[in-house]
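Have the sequence and the 3D view to hand as you read.

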Amino acid sequence: MKKDIKALHIFFKFWSEYAQMDRYHKQWARDNLHPIQVNRGELLYNYSSPQRNLYFVCQGMIAFVSIDPSIKKRKIESVALAYNSLKSTNHLYTNTPRTGSIVALRSSLVLRIAYERVKKLKNRDPVIDILFDVLASREIRQHRSHISILLLKSPLDRYRLFREQLFSIQSVMTQQEQADYLGIFKRTLQECQYLFLKSLNS
């Protein structure tokens, strides 16, 4: 299928930037990575159906989302654009599912890989170690930036730091998505955007 070839080509291009692959590694990827085409709003993972998978984004945008029970508002906890990934648990070595869902924020081409397929070779093959260490470090960097943003009490300060530290994500999100990521309401986000632009022009 065309999507299979396209997805693997994107994946190999990303992987080759960090390690020298050989035929074995490419065949391992063909055997173990499963391309999925998802439409906007489609679920890849839900807490009610536990799984142990990693999702690598070839094209599009996916996010880990949950619901704040106190106000029944969606929270976007993490986002993965192309060449990034999300996991259904906090790390590869736990069986505890994350509370929430992984959903496509845009129509996306994604590669799914089961943890067990990774763990069989991880710590044994440095080329595979490098790949998944890079993906994990990208998730961790975003998580740390997101935490630092949410620690700020002022919505405007949150918005400013969001633009400063995670502009690649902020710049492609809708207003509602940005609000859900910052833990504020859409109207508050619009006010922050207005005040921010006003400060630039003053």
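Helices (H or I, at least four residues) and strands (E, at least two) here are DSSP runs, numbered from the N terminus. With that in mind, S88 sits in the loop between β6 and β7 (101-104). What you're looking at is a predicted model, where local features need pLDDT of at least 70, side-chain atom pairs count only at pLDDT 80 or more, and totals for chains, interfaces and linings use all residues. Residues are numbered from 1 along each chain as its sequence is written, and side-chain values use heavy atoms, with hydrogens and water left out.

**S88 and its surroundings**

- S88 counts as buried, because its relative accessibility is 0%; the cut-offs are under 20% relative accessible area for buried, over 50% for exposed, and partly exposed in between (1.4 Å probe, protein chains only).
- The S88 side chain reaches the backbone nitrogen of N53 at 3.0 Å.
- Setting aside neighbours within four places in sequence, S88 is in contact (heavy atoms within 4.5 Å) with Y45, Q51, R52, N53, P97, R98, I102 and Y115.

**The largest pocket**

- A pocket is an open set of points on a 1 Å grid over the protein atoms alone, with protein on both sides within 12 Å along at least five of seven lines; a cavity is a set where a 1.4 Å probe fits but cannot get out, and lining residues have an atom within 4 Å of a point.
- Grid points are joined across faces, edges and corners, and a volume is the space filled by probe spheres set on the points.
- On that basis, the largest pocket holds about 570 Å³ of space.
- Its lining has 28 residues, and the closest to the pocket centre are N90, R98, E139, I140 and H143.
- Two or more lining residues come from each of β5 (73-80), β6 (85-87), α4 (126-150) and α7 (175-182).
- Which element gives the most to this lining? That's α4, with eleven residues.
- Sorted by class, the lining of the largest pocket has twelve nonpolar, eight polar and eight charged residues; Ala, Val, Leu, Ile, Met, Phe, Trp, Tyr, Cys and Pro count as nonpolar, Asp, Glu, Lys and Arg as charged, and the others, Gly among them, as polar.

**The second largest pocket**

- About 170 Å³ of space lies in the second largest pocket.
- Lining the second largest pocket are V79, L81, N84, R138, R141, Q142, Q165, L166, S168 and I169.
- Here α4 and α6 (167-170) are the elements giving two or more residues, and α4 has the largest share of the lining, three residues.

**The cavity**

- There's one cavity of 30 Å³ or more in the structure, and the largest cavity has a volume of about 30 Å³.
- F11, L33, L54, F56, L111, I113 and F132 line the largest cavity, with β3 (53-59) and β8 (108-114) the elements that supply two or more of the lining residues.
- By class, the cavity lining is seven nonpolar, no polar and no charged residues.

**Salt bridges**

- Side chains of opposite charge can pair when their charged atoms come close.
- Ten salt bridges turn up in the structure, each being a side-chain nitrogen of Lys or Arg within 4 Å of a carboxyl oxygen of Asp or Glu.
- E177 and R40 form one of them, their closest N and O atoms 3.7 Å apart. Since E177 lies in helix α7 and R40 in the loop between β1 (34-38) and β2 (43-46), the pair ties together parts that are 137 residues apart in sequence.
- E177 is buried at 3% relative accessible area, whereas R40 is exposed at 53%.
- R40 and E177 also belong to a salt-bridge network with R106.
- E77 pairs with R98, the closest N and O atoms being 3.4 Å apart.
- E77 counts as partly exposed at 26% relative accessibility, while R98 is buried at 14% relative accessible area.
- R187 and E191 meet in a salt bridge at 3.9 Å, N to O. The two are four residues apart in helix α8 (residues 186-201), so about one helical turn separates them.
- R187 is exposed at 61% relative accessible area, and E191 is partly exposed at 42%.

Key
A polar contact is a pair of N or O atoms within 3.5 Å; within protein, one must be able to donate a hydrogen and the other to accept it, and residues adjacent in sequence count only if both atoms are side-chain atoms.
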